[in-house]
Amino acid sequence: MNFHAIQAIYQFEMARTFRTLLQSIASPVLSTSLYFIVFGSAIGSRIQEIDGIHYGSFIVPGLVMLSLLTESISNASFGIYFPKFNGTIYEILSAPVTMWEVVIGYVGAAATKSLMLGILMLITASFFVPIRIDHPFLMVFFLLLTCISFSLFGFVIGIWADSFEKLQMIPMLVITPLVFLGGSFYSIQMLPSFWQKISMFNPVLYLVSGFRYSFFERADVALSVSIGMILVFLSVCLAVTWLIFRTGYKIKN
């Protein structure tokens, strides 16, 4: 294992983050604050509680998950796409590093940035609503697993994309709607039975539900199912990444 190569890629990506603090950190935190003002105050005045939990507190896991998913994908996809765009990807491919060392460097940096952002989101939320975390270790587990899984997904998107428009297409047109429809701002138990069944096909529901369980011990689906789903997603991303490097898809040609 070439730890020097991993460290070089990791430090380069982290340095890029600190050069763009306004875009990387301040913007998502500001957006989350606006969500709390709109949903917590405007809608929260009409919906006092869900499952005995204050509505403003109830939406905290969903808001954090919304930021984690979108930022993990954006950070990782841009990190690997930019070397493709300016041609420096060939320097990485010709260097004495394995594909997994490249993946660990880029995905590790993206996951670290997303984890930092998630912690900042929780701190920001504490200024607006009371937060209780019943299972802190489980919460950290979900944070780490989500950051790693979706950073890896973003890495795959960055390799697949051949334009900056495609980099934004999946997060904006797929992930964000799935998060909004995945019980982030409501419990699916509030829906009619037909729409509850439809919601079960939304993979983000399992992430939000498991993450919310670590806060309030309330979940729309079983905790074991939530953990199983994200592990399956991680395995699929790992398999797709291996296949990409195995075939050289959109890297060597």
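Author: First, a term: a contact means heavy atoms within 4.5 Å. Also, this is a predicted model.
Reader: OK. What share of the contacts with a separation of 6 or more comes from residues 24 or more positions apart?
Author: In the protein chain, such residues account for 80% of those contacts.
Reader: What about secondary structure? How many helices and strands?
Author: The protein chain has eleven helices and two strands.
Reader: In which order do they run?
Author: From the N terminus, the order is α-α-β-β-α-α-α-α-α-α-α-α-α.
Reader: Now size. What is the radius of gyration?
Author: It is 19 Å for the protein chain. A compact globule with 253 residues would have a value near 18 Å, so the two agree. The C-alpha atoms fill a box of roughly 60 × 35 × 35 Å along the principal axes.
Reader: And how much is buried?
Author: Buried residues make up 49% of the 253. The chain exposes about 12300 Å², with 70% of that supplied by carbon and sulfur atoms.
Reader: Switching to charges. How many positive and negative side chains?
Author: There are 13 positive and 11 negative ones. The centres of the two sets lie 6 Å apart.
Reader: Last topic. How many disulfides?
Author: The count is zero. For Cys147, the nearest cysteine sulfur is that of Cys237, 14 Å away.
Reader: Is Cys147 buried or exposed?
Author: Cys147 is buried, with a relative accessible area of 1%. Cys237 is buried too, at 4%.

Methods
Residues numbered from 1 in each chain as written. Heavy atoms only, no water. Helix = DSSP H or I, 4+ residues; strand = E, 2+ residues; numbered from the N terminus. Rg over C-alpha atoms; globule rule 2.2 N^0.38 Å. Buried < 20%, exposed > 50% of the residue type's maximum accessible area, 1.4 Å probe, protein only. Areas by Shrake-Rupley, 256 points an atom, 1.4 Å probe, with all protein chains shown as cover. Lys, Arg positive; Asp, Glu negative; His and termini not counted. Charge placed at Lys NZ, Arg CZ, Asp CG, Glu CD. Disulfide = S-S within 2.5 Å.
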